[in-house]
Amino acid sequence: MDEMLFENIVKAHYEPLYRFALSLARSEADAGDLVQQTFYRWATKGEQLRDKSKVKSWLFTTLHREFLGQRRHDDKFPKVEISTDDGQELAAESSSPEKQLDGASVMAALRRLDETYRAPLALFYLEEHSYRDIAEILEIPIGTVMSRISRGKELLRKIILSKDAL
């Protein structure tokens, strides 16, 4: 693959892919891994794409498939997590009388949603994909995309408005 073309594709799509990956994976390290794996797939298989105008869609679809594959793997082989005592810090943030709705709190609420709703919402609102593009990326019917976005918005609203939301 042409190195300059690859660099241009990475520059053009890294940030949107990372935001989408972060909304799916819920952790910066996992999001970075997903994006890296997506670009690795592009470097090794991108030449197979016949219509080069669909690079963006191909990258988002590949990232989503990587996420699903990783999730299936994690379901089969669960990670052993060591808990840390961060409760005081979280309690201090959520006990403030005024909850301010900012980007970080919305992203935190988004990460609490099930992936079924998180992925379409992130693609629609954060990455500004059309319903048709989202249907292609997630490989689901367009009506399902519209339904999941609608239900996801309602669930997100409930999380944000709940007292223990963030």
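**View 1. Overall make-up of the predicted model.** Helices are DSSP runs of H or I with at least four residues, strands are E runs of at least two, and both are numbered from the N terminus. Counted in this way, the protein, shown here as a predicted model, has 8 helices and 0 strands. Read from the N terminus, the order of its elements is therefore written α-α-α-α-α-α-α-α. Of the 166 residues in the protein, 33% are buried. When contacts between residues at least 6 apart in sequence are considered, 68% of them join residues at least 24 apart.

**View 2. The crossing of helices α1 and α2.** Helix α1 spans residues 3-25 and helix α2 spans residues 28-45, and their axes come within 8 Å of each other and cross at roughly 140°. Angles over 145 degrees would count as roughly antiparallel, and α1 and α2 are therefore described as oblique to each other. The crossing of these two helices, α1 and α2, is right-handed. On the α1 side the contact is made by Phe6, Ile9, Val10, His13, Tyr14, Leu17, Tyr18, Ala21, Leu22 and Ala25, while α2 contributes Glu28, Asp30, Ala31, Gly32, Leu34, Val35, Thr38, Phe39, Trp42 and Ala43. As a general point, an α-helix has 3.6 residues a turn, so residues three or four places apart point the same way.

**View 3. Aromatic rings between α1 and α2.** The structure holds 7 aromatic pairs. In one of them, the rings of Tyr14 and Phe39 have centres 6.4 Å apart and planes at 15°, so the pair is stacked. Because Tyr14 lies in helix α1 and Phe39 in helix α2, the pair ties together parts that are 25 residues apart in sequence. Tyr14 counts as partly exposed, at 37% relative accessibility, whereas Phe39 is buried, with a relative accessible area of 7%.

**View 4. The ring pair of Phe124 and Tyr125.** Among the 7 aromatic pairs of the structure is that of Phe124 and Tyr125, whose rings have their centres 4.8 Å apart and their planes at 90°, so the pair is edge-to-face. Phe124, at 23% relative accessibility, counts as partly exposed. Tyr125 likewise counts as partly exposed, with a relative accessibility of 42%.

**View 5. Surroundings of Leu22.** Leu22 is found in helix α1 and is buried, with a relative accessible area of 15%. When neighbours within four places in sequence are left aside, Leu22 is in contact with Ser27, Glu28, Ala31 and Arg111.

**View 6. The crossing of helices α5 and α6.** The axes of helix α5 (residues 103-112) and α6 come within 9 Å and cross at roughly 150°, and α5 and α6 are therefore roughly antiparallel to each other. In this crossing, α5 passes α6 in a left-handed sense. Within helix α6, which covers residues 115-126, the buried residues are Glu115, Tyr117, Arg118, Ala119, Pro120, Leu121, Ala122 and Leu123.

View 7. Glu128 follows α6 and has its place in the loop between α6 and α7 (131-138). The phi of Glu128 is positive, at about 55°, although Glu128 is not a glycine. Glu128 is exposed, with a relative accessible area of 69%. Glu139, which is also a residue other than glycine, has a positive phi near 55°, and its place is in the loop between α7 and α8 (142-161).

Conventions: Residues numbered from 1 in each chain as written. Predicted model: local features only at pLDDT ≥ 70, side-chain atom pairs only at ≥ 80, totals over all residues. Heavy atoms only, no water. Axes fitted to C-alpha atoms, helices over the stretch in contact; angles between N-to-C directions. Parallel < 35°, antiparallel > 145°, perpendicular 65-115°, else oblique. Left-handed = near helix turned anticlockwise from the far one by under 90°. Contact = heavy atoms within 4.5 Å. Buried < 20%, exposed > 50% of the residue type's maximum accessible area, 1.4 Å probe, protein only. Phe/Tyr/Trp six-rings, centres within 6.5 Å; stacked < 30°, edge-to-face > 60°.
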